Amino acid sequence: MTADGPRWARPLPAAGILAALVLGRALAYAAGGVDFVLDDWSFAGYRAAHGAMTDVFLRSRPGTWAVQTVLFGIAGDHPLALLGLVTALFLGVTLLLHRVLLRCIAPSLALAVAAVWVIMPNHNTLALWGATMPTLVALALLLGAVLLLVDGRWLPAALLLGASVLTYELFAPLCVLAPFVVPGRLQRDPPTRPIRTIHRVVAGGAALAATAYVAARPLYSRDLRLPDPVVFWSGHFGSGLFATADPPAVLRLAVAGLVAVAVVVCLVAWARGTRGRDDGPGLVLAGLAIMGLSAWVGLTLPFGAFGQNDRLYASSSIGAAMVTVGIFRHAWLRLGAARPDHRGARLAVGSGAAAFVALCLVGQRISLQSWLRAGDDAVAVVAYVRTHAEGDPAASHFVVGPARIYRNAVTGIQDGDGKWALRLSFGFDGGGTLRIPDTADDFVQQRDDEVLVEWSEVLPGPPPVPTTDP
């Protein structure tokens with residue numbers, strides 16, 4: 001034990017623990033035979049054909065354009081290389097998150113939050129899908145800006161905040177508000193440089209200006225909707241932990257409900273004065289605040305409880321990790337102090353924490369298998385074209401249906417990706433087409449030379465049942 005906490009929680013060992021968790025998941029995924037999934041085909045193909053991403057990205061999200069142009073240029077048509085880049089980015093974000101947390105809470109809690117964030121499967125899209133690399137870069141820019149703000153370095157922080165929004169606008173609210181929160185009482189030590197109100201306004205204004213730029217040039221047309229709080233909560237603490245809807249609904253609802261009850265207990269404790277920095281209720285409250293500020297995206301995009309839509313939980317999942325650790329921290333301190341047989345009480349809390357970790361690991365396995373199977377589906381389509389095309393596969397025209405196949409809300413290939421899968425696999429000069437309809441209504445010939453193929457002819461085993469994204 002040292003003055004800063006247990007020896008295992010000091011920064012260097014902590015970094016090793018976090019790296020082991022991130023790399024362990026990546027190795028498990030790679031061992032299953034990683035392939036391109038969804039937009040990976042389009043981005044890799046467009047980059048190879050044109051030398052850069054589309055100008056639409058350049059106008060709307062210039063940061064995304066730069067990230068995808070550079071990183072898909074490095075990865076080329078190699079899925080394993082793409083996974084390596086995603087893993088490096090995810091590890092960088094994890095270590096930055098840990099550094100930010102170290103400036104605010106005890107080292108043991110900082111490590112716990114970062115580790116729980118890594119193992120929770122409610123945002124696995126960020127760790128497995130190459131198309132989400134701009135999200136990771138934008139999150140890294142935000143965390144880097146917070147670290148600079150903690151030390152009072154407002155000018156470089158302002159630049160990073162603006163760059164984060166221009167890369168991916170998901171973090172816009174956090175970027176705008178961050179300069180008004182840090183430096184401040186949240187951090188353990190005062191900033192090394194003084195910061196004035198005007199500095200905070202300039203830094204927040206940079207993020208706000210970037211937000212206005214992106215909002216004026218939307219990448220997609222989006223209709224306003226009411227966010228679904230039940231799906232949002234389940235995506236973090238219910239079905240999202242299982243990474244599937246296969247377990248009984250009562251079990252998934254029980255987990256989500258148990259967490260909700262524990263949150264209420266912590267909030268009551270905070271209201272009654274348990275407000276120490278490292279007590280637990282304060283961590284729960286901070287986590288809920290991050291989740292709330294991140295939930296705005298539900299106004300424009302539908303939430304999903306698991307699968308490829310969990311990319312929307314890039315920052316809210318950090319809040320969920322804080323909530324989780326805060327709950328167990330409060331239970332550990334409260335039961336240990338209130339019961340004479342505190343050893344047994346704390347053993348119960350430890351058992352609960354172990355059960356939570358086990359659930360996350362099971363969810364991780366299910367999630368990895370879902371992404372691997374989705375990638376296999378896309379490869380199977382390409383293999384079918386190679387085998388059954390009359391003449392040059394690059395000039396063939398196939399339609400695979402009757403609708404997209406989902407593996408726990410992850411689909412391997414969609415309609416817009418088909419032609420790029422053909423070009424990456426067979427060359428760019430054939431002019432062939434490959435359609436994968438979203439619904440059975442579109443499973444019809446649109447040209448005389450199109451060949452209709454059902455999924456049961458493409459995939460081995462029993463005929464798959466087309467499903468929609470829940």
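Q: What counts as a contact here, and which residues does V458 contact beyond its neighbours within four places in sequence?
A: Contact means heavy atoms within 4.5 Å. This is a predicted model: local features need pLDDT of at least 70, side-chain atom pairs pLDDT 80 or more, and totals for chains, interfaces and linings use all residues. Residues are numbered from 1 along each chain as its sequence is written, and side-chain values use heavy atoms, without hydrogens and water. With neighbours within four places set aside, V458 contacts A380, V381, Y384, V400 and V453.

Q: Where does T244 lie?
A: Helices are DSSP runs (H or I, at least four residues), numbered from the N terminus. T244 sits in a loop, between α13 (239-242) and α14 (249-271).

Q: Which side chain makes a polar contact with the side chain of T244?
A: A polar contact is a pair of N or O atoms within 3.5 Å; within protein, one must be able to donate a hydrogen and the other to accept it, and residues adjacent in sequence count only if both atoms are side-chain atoms. The T244 side chain also reaches the backbone nitrogen of D246 at 3.1 Å. Its side-chain partner, at 2.8 Å, is N408.

Technical notes
Helices (H or I, at least four residues) and strands (E, at least two) are DSSP runs, numbered from the N terminus.
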